[in-house]
Structure formats: C-alpha cells, structure tokens
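Subject: Structure for you to look at

Hello,

Please find the structure below. My notes on it follow.

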Amino acid sequence: MARKVIISAAITGAIHTPTMSEYLPITPKEIADQAIDAAKAGAASVHIHARDPQTGIPSADQNLFAEIVERIQAGTDAIICITTGGGTTMTIQERAASIPRFKPELASLNMGSINFSLHPLADKHSEWKHEWEPVMLAATKDNIFRNTFGDLETILGMMEEAGTKPELEIYDAGHLQNAAFLMMQGLLKPPVYLQFVLGILGGMAATIDNLVFLKNSADRLLGPGNYQFSGFGAGRMEFPICTTNVLMGGHCRVGLEDNLNIAQGEKATSNAALVEKMVRILGEFGLEPATPAEARKILGTKGSIG
Ligand code: KMH
Ligand code: ZN
C-alpha cells in the first residue's frame with residue numbers, strides 16, 4: 001500500500017504582501033475559500049494567518065480568526081493549524097491568543113529566536129498597492145523573531161491546557177537542540193511534529209544538504225520514532241525541498257504563504273494549484289496524499305477544533 005503523505009497548505013501567511021500577487025487571499029472569506037479548495041485538492045492540514053480585510057496587513061484580530069475558522073469548518077474537515085508565529089510586529093501575547101480561544105488541534109510553535117528579515121523584498125517593486133508594504137518589509141532589517149525559552153514554555157503551557165499539538169517550526173539546527181531540551185524536560189511529548197522551514201533570511205538556506213543535515217540531526221537528537229517531519233523551502237525551492245523531504249519518509253508543506261509561483265516566472269493562481277502540483281509529484285513516486293483522518297492518526301491530534 002502506498003505511504004500516506006501529509007500535505008499542509010499554508011494559505012496566506014505574513015511575509016508576502018498584496019502587491020506581490022493578486023492571488024494572495026486577504027479577507028476571511030478569501031482565506032477560508034482557498035483553504036477549503038486546497039483541502040479538496042489534497043491538503044490534509046491548512047495553516048492559517050489572518051489579514052486586515054481592507055489593507056492586507058497581517059492581523060492578530062481574533063474575530064478575523066474566528067470567521068476564518070468557522071468558514072473553513074463549514075467546508076472541510078481538514079486539520080486547522082493556527083499560527084502562533086503571527087506577523088513581524090506582533091507580541092507573543094497577540095501571537096498566542098488563538099490557542100485559548102479556539103483550542104485548535106494543531107498550531108505552529110517557532111522553536112527559537114532568529115533574525116527574520118524580508119528587507120530585500122522592499123526593493124522588488126517600484127509601485128505598491130499600499131503604503132505599509134515597503135515600510136513593513138524594510139523595517140524587518142532590524143527584526144528579531146522572538147521565541148525565547150520563556151516564550152516557548154508559556155505557549156506550550158497554553159497548548160497543553162487546550163489539547164493543542166505543537167507543530168515545531170525548525171529554521172535552524174539549534175532549534176532541534178531546543179526541541180531535544182524541551183523533550184528532556186517533559187515539556188514536549190514525543191512523537192513531536194517537526195516542520196523544517198528553509199530559506200528564510202536569518203535561518204538556514206533552502207538546500208538539499210541542509211535538509212538532509214536536519215533530518216540526520218533529528219535522528220541523533222530526538223531519536224528515530226520520536227518524531228514526524230514535514231518540510232518546505234521558501235520561494236522557488238518549495239517543491240525541491242518538499243520532494244526530497246517526502247522521499248526521505250516525511251511530509252510536506254506548500255502554499256502562497258511561502259511561495260507565489262507554480263513554475264519559474266509563472267504565478268500560482270491559488271493555493272489549490274500548488275497542492276495539485278504536489279499531489280502530481282507524489283503520484284510520480286507512488287505516494288498518496290493523506291486524508292485529514294489519516295493525518296490525525298499519523299500526528300495523534302485530538303480531532304477538530306473545540
Ligand atoms: N512563515 C513561515 C516562514 C508560523 O506561522 O508560525 C513560517 C511560519 C511560522 O509559518
Ligand atoms: Zn505561518
């Protein structure tokens with residue numbers, strides 16, 4: 001029987017801005033509709049951020065998250081993975097507020113503080129739809145994406161209370177060391193779910209070498225059998241990293257949060273289009289996308305939100 005691979009679809013994120021692609025979903029309805037279509041195309045999990053519906057600025061407004069969650073639940077039983085990474089200007093409290101409010105079955109947890117810079121993107125356009133776009137992008141030159149051990153403990157405590165499984169975002173090798181430490185302390189319970197995030201300026205580059213190194217490091221630091229692993233590369237390395245990761249026995253993440261193009265120089269018209277491409281790639285290797293029920297079994301999540 002074909003191995004089942006969890007495809008996560010990261011629908012809108014907080015990196016890309018409206019000028020970069022007209023297909024980037026902004027309003028709760030657009031975000032939910034694209035999440036539902038991505039699930040129909042084969043995504044077992046949808047990763048959610050919110051944006052201000054008028055301006056597209058990444059938002060921590062829990063009422064926007066509520067509308068997104070309700071709409072998604074009405075259209076699919078896919079796992080909803082809510083961000084706790086939020087956007088570059090948000091506090092830890094704002095970023096974690098969805099956990100007690102929605103008690104999601106899965107939520108991201110960023111495993112260490114890093115420089116997280118988007119400033120080179122501020123030079124990519126000479127005209128912008130909104131004034132805030134180049135300002136926010138340029139300001140990230142001095143951004144520290146804060147995820148101290150204190151922050152991790154706080155969010156993990158909230159997750160424990162909510163029955164939320166953390167999806168551990170691993171941008172650097174030290175983040176696996178942090179995961180091993182928290183596992184040793186009993187704050188993370190195996191099997192953990194890793195998401196290798198490659199290609200963010202401030203983290204490890206999106207190379208096959210780095211991906212293989214992270215996988216081998218996870219075996220050494222966490223122990224084979226103590227983790228499931230997904231992965232992706234930002235931008236044009238999305239599919240090469242996803243493909244290599246699934247061939248190493250893992251899962252994958254695609255979506256407009258991380259990559260706006262379906263092929264070189266060709267914009268992806270939806271998240272579903274990126275998921276469809278990933279499903280085609282899996283098929284070429286005799287692999288199949290996991291259903292939400294199969295993904296819940298693989299990850300051991302509690303079941304739908306609430
Ligand atoms: N935007 C990605 C680089 C999160 O939302 O917690 C990583 C991410 C973080 O998805
Ligand atoms: Zn995210």
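What percentage of the 306 residues of the protein count as buried? The value is 58%, where buried means under 20% relative accessible area, with a 1.4 Å probe and protein chains only.

This is a predicted model, in which local features need pLDDT of at least 70 and side-chain atom pairs count only at pLDDT 80 or more, while totals for chains, interfaces and linings use all residues. Residues are numbered from 1 along each chain as its sequence is written, chains are lettered from A and ligands numbered from 1 in the order in which they are written, and side-chain values use heavy atoms, leaving out hydrogens and water.

The protein has 11 helices and 16 strands; these are DSSP runs (helices H or I, at least four residues; strands E, at least two), numbered from the N terminus. Its C-alpha atoms fill a box of roughly 50 × 45 × 40 Å along the principal axes.

Leaving aside residues up to four places away in sequence, Met 278 touches Ile 7, Phe 239, Cys 242, Thr 243, Cys 252 and Val 254.

Regards

Note on methods:
Buried means under 20% relative accessible area, exposed over 50%, partly exposed in between (1.4 Å probe, protein chains only). Contact means heavy atoms within 4.5 Å.
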